[in-house]
Amino acid sequence: MKVYFVNITDVEENLFDIWYDRMDSIKKTSVLKMQSEHKRKLRIAADMLCRKGVSEFCGIAENEIAIGYTAAGKPYAEGLPVNFSISHSGDYAVCAVSGSEIGIDVEKIRTVHPRAHEKFCTESEARYVNGEENGFFKLWTLKEAYFKCTGTGLGADIKDVSFEINGSEITCSEKGYEFSFFPVNEDYICSICKKAEPFI
């Protein structure tokens, strides 16, 4: 597994035009519809990281990569033995690339409503949020990463998947997955979910 990330405020303006030209027509159309220039840049940067990661993992040129989508909307590299996941928040875009199913989520730490966690937390998770600095974003990104990894997306069953966090040790109610926090920036929380490799 390898993680790529970029702060778009550190990127020279002309690079966004170059990266945009490399996007497929569907993504280009999606980007053009976005009214926020900042969000357009994040989307373009995330696509660049994805193509860079897949290119390096598979040892092929970026222009040989074709991105497809499952019925649930999960992106994949057509015909290639690689999995990837992208996310962006604030000024950062991130991408995780792996040989097994993977999900990544990043969130900029910010003020949220005191009861916002009630929509997605179990009772034990709520206690963790109330007692842990940045607990809200740690749990939220873990759940996002899990559902990105499985390819189902966040749904009504979000409380059915629960976590216990003890320092860097993360335990999930769903077995067969490995979780970790990735240090992007001290003002961000980034979580990764990777499907565990089977023992042979």
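Me: How many salt bridges does the structure hold?
Reply: This is a predicted model, in which local features require pLDDT of at least 70 and side-chain atom pairs count only at pLDDT 80 or more, while totals for chains, interfaces and linings use all residues. Residues are numbered from 1 along each chain as its sequence is written, and side-chain values rest on heavy atoms, with hydrogens and water left out. A salt bridge here is a side-chain nitrogen of Lys or Arg within 4 Å of a carboxyl oxygen of Asp or Glu. The number of salt bridges in the structure is 14.

Me: With which residue does the side chain of Lys41 meet in a salt bridge of 2.6 Å, N to O?
Reply: Lys41 counts as buried at 15% relative accessibility, where buried means under 20% relative accessible area, exposed over 50% and partly exposed in between (1.4 Å probe, protein chains only). At 2.6 Å, N to O, the side chain of Lys41 meets that of Glu13. Because Lys41 lies in helix α3 (residues 37-58) and its partner in helix α1 (residues 13-21), the pair ties together parts that are 28 residues apart in sequence; helices (H or I, at least four residues) and strands (E, at least two) are DSSP runs numbered from the N terminus. The residue asked for is therefore Glu13.

Me: How far apart are the closest N and O atoms of Glu37 and Lys41?
Reply: Glu37 and Lys41 are four residues apart in helix α3, which means that about one helical turn separates them. Glu37 is partly exposed, with a relative accessible area of 44%. In the salt bridge that Glu37 forms with Lys41, the distance between the closest N and O atoms is 3.5 Å.

Me: How many residues apart in sequence are the parts that Asp47 and Lys27 tie together?
Reply: The side chains of Asp47 and Lys27 meet in a salt bridge of 2.9 Å, N to O. Asp47 is buried at 2% relative accessibility, and Lys27 is also buried, at 13%. Since Asp47 belongs to helix α3 and Lys27 to helix α2 (residues 25-32), the parts that this pair ties together are separated in sequence by 20 residues.
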